[in-house]
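The exercises below are worked from a sequence and its 3D model. Try each task before reading its solution.

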Amino acid sequence: MIQTTQSFESRGTEVRSVDVVLRDALEKLRNTAPRRLKELRDEVESDLKKLDTLLASGAPISADDFFLSLKLACEAVGVPKLVVISLEAIQKLITHGFLTGKGPDPIKPEPGRHLIDSVIETISQTAESADDTVQMHMISALLAAVTSQICEVHRHTLLLAVTTCVQIHKDSKSQPNQRMAQTALTQMLSVIMQRMELSSADMSRRADDAGWAGRDARPGGATSSRQLAQAAAAAVSSSAGANADLAQMPKGELLNDWMSSYLALKVDDVVKTAQEKGLSNAQEQVPQGKFGWCVVCRKAAQHYCVDTRDPVCGHACKYRNLERLSLVETYFGAAGMDEQGTVVAS
């Protein structure tokens, strides 16, 4: 089992202070870094002095302020041992709640960008990523970040973390790493869906309090719940009640069913991009259709639904998806979606 934030926190007495974790990592980097990596060596020396100063003054220590040394170590081409030391340190700091990445990103200072974005990018784009040991620590660090209750990994950064694990699962030559990536993906998606469910329920309550304001703001295709309901109603006669089970399904189960399909579509985008770029050597059990894989049954999708823009294999799955989405929006409103129609996992 891959260790998550919870499994580390439960150890209690083994959780060390931030200065101990930082010093241990920085000294290992200093002792391992070759002379040619002058920028890294200088940054590590500077961080060790800064750590001593903070300890002497009794000032609070934030691991976020020491991330640059770890980033430079992850970029060390030809020195996988350095990369492993850095990834291991990042994982420990995140797991123990020392590295949060909540502040502005000093590495790429852009509006709305936080340090955690650079943390995930650093892990995902690390040097020596073909090394089996490096891959193992990449998976562990990404899992720690995504499942952390303190770090806030959202949107494109969240997708990048999932993408990286998918690529390792598909392309790694190490079977243990493939299995580890698969397990990590399962845990990530489980946590993401739990958070989306909580977010949807919270958003639904807020919508109730606001008189369902903004219900008719779904972008693209069917632009409102009313239109979706009309499209679904028109589909009922064609499907001859084949989707009656959806209305009988518990709300939570229906929401999970829909969210699972949505997340599968996101992973499909990753797989298709990798195949188009020739980055994947693995063969899919079900070959993709013109538009990928069906959002409902996962068969090859030769069509897409004009109402939802989702790939489908035929009319039956189109109608089922329409009715499912209509019910989700009836129960939860536009909850869980941002202004681009993207599911938001808090």
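**Exercise 1. A threonine and its surroundings**

In which helix does Thr157 lie? State whether Thr157 is buried or exposed, and find the partner of its side chain.

Solution. The model is a predicted one.

- Step 1: Thr157 belongs to helix H8, which spans residues 155–171.
- Step 2: The relative accessible area of Thr157 is 9%. The cut-off for buried is under 20%, so Thr157 is buried.
- Step 3: Leaving out residues up to four places away in sequence, Thr157 touches Ile116, Asp117 and Ile120.
- Step 4: With Asp117 there is a polar contact, side chain to side chain, at 2.6 Å.

**Exercise 2. The covering of helix H6**

How many residues of H6 are buried, and what covers them?

Solution.

- Step 1: H6 runs over residues 115–124.
- Step 2: Of its 10 residues, 10 are buried, and H6 is mostly covered.
- Step 3: The buried residues of H6 include Asp117 and Glu121 as well as Leu115, Ile116 and Val119.
- Step 4: The cover over the buried residues of H6 includes H4, H5, H7 and H8.
- Step 5: For the chain, the buried share is 47% of the 346 residues.

**Exercise 3. Helix H6 against its neighbours H4 and H7**

Classify the packing of H4 with H6 and of H6 with H7 as roughly parallel or roughly antiparallel, and list the residues that meet.

Solution. Two packed helices are described by the angle between their axes and the distance between the axes.

- Step 1: For helix H4 (residues 67–74) and H6, the angle is about 20° and the axes are 10 Å apart.
- Step 2: Angles under 35 degrees count as roughly parallel, and H4 and H6 are therefore roughly parallel to each other. Their crossing is left-handed.
- Step 3: On the H4 side the residues are Phe67, Lys71 and Cys74, and they meet Leu115, Ser118, Val119 and Thr122 in H6. Sorted by class, this contact has 4 nonpolar, 2 polar and 1 charged residues.
- Step 4: For H6 and H7, the angle is about 160° and the axes are 9 Å apart. Over 145 degrees the class is roughly antiparallel, so H6 is roughly antiparallel to H7.
- Step 5: The crossing of H6 and H7 is also left-handed.
- Step 6: Ile120, Ile123 and Ser124 in H6 meet Met138, Ala141, Leu142 and Ala145 in H7. Here the classes are 6 nonpolar, 1 polar and no charged residues.

**Exercise 4. Helices H5 and H7**

At what angle do the axes of H5 and H7 cross, and which residues meet?

Solution.

- Step 1: H5 covers residues 80–95 and H7 covers residues 132–147; their axes come within 9 Å and cross at roughly 20°.
- Step 2: This angle makes H5 roughly parallel to H7.
- Step 3: H5 passes H7 in a left-handed crossing.
- Step 4: H5 contributes Pro80, Val83, Val84, Leu87, Glu88, Gln91, Ile94 and Thr95, while H7 contributes Thr133, Val134, His137, Met138, Ser140, Ala141, Ala144 and Ala145.
- Step 5: The class count for H5 with H7 is 10 nonpolar, 5 polar and 1 charged residues.

**Exercise 5. Thr95**

Which backbone oxygen does the side chain of Thr95 reach, and how far is the C-alpha atom of Thr95 from that of Thr147?

Solution.

- Step 1: Thr95 lies in helix H5. Its relative accessibility is 0%, so Thr95 counts as buried.
- Step 2: The side chain of Thr95 reaches the backbone oxygen of Gln91 at 2.7 Å.
- Step 3: Thr95 and Thr147 are 52 residues apart along the chain, and their C-alpha atoms are separated by 9.2 Å.

**Exercise 6. Positive phi in two loops**

Where are Glu128 and Arg298 placed, and what are their phi values?

Solution. Most residues other than glycine have a negative phi.

- Step 1: Glu128 sits in the loop between H6 and H7. Its phi is near 60°, a positive value in a residue other than glycine.
- Step 2: Glu128 has 26% relative accessibility and so counts as partly exposed.
- Step 3: Arg298 sits in the loop between helix H12 (251–276) and strand E1 (303–304). Its phi is near 75°, again positive in a residue other than glycine.
- Step 4: Arg298, at 31% relative accessibility, counts as partly exposed.

Note on methods. Residues numbered from 1 in each chain as written. Predicted model: local features only at pLDDT ≥ 70, side-chain atom pairs only at ≥ 80, totals over all residues. Heavy atoms only, no water. Helix = DSSP H or I, 4+ residues; strand = E, 2+ residues; numbered from the N terminus. Buried < 20%, exposed > 50% of the residue type's maximum accessible area, 1.4 Å probe, protein only. Polar contact = N/O pair within 3.5 Å; in protein donor to acceptor, adjacent residues only side chain to side chain. Contact = heavy atoms within 4.5 Å. Axes fitted to C-alpha atoms, helices over the stretch in contact; angles between N-to-C directions. Parallel < 35°, antiparallel > 145°, perpendicular 65-115°, else oblique. Left-handed = near helix turned anticlockwise from the far one by under 90°. Nonpolar A, V, L, I, M, F, W, Y, C, P; charged D, E, K, R; others polar.
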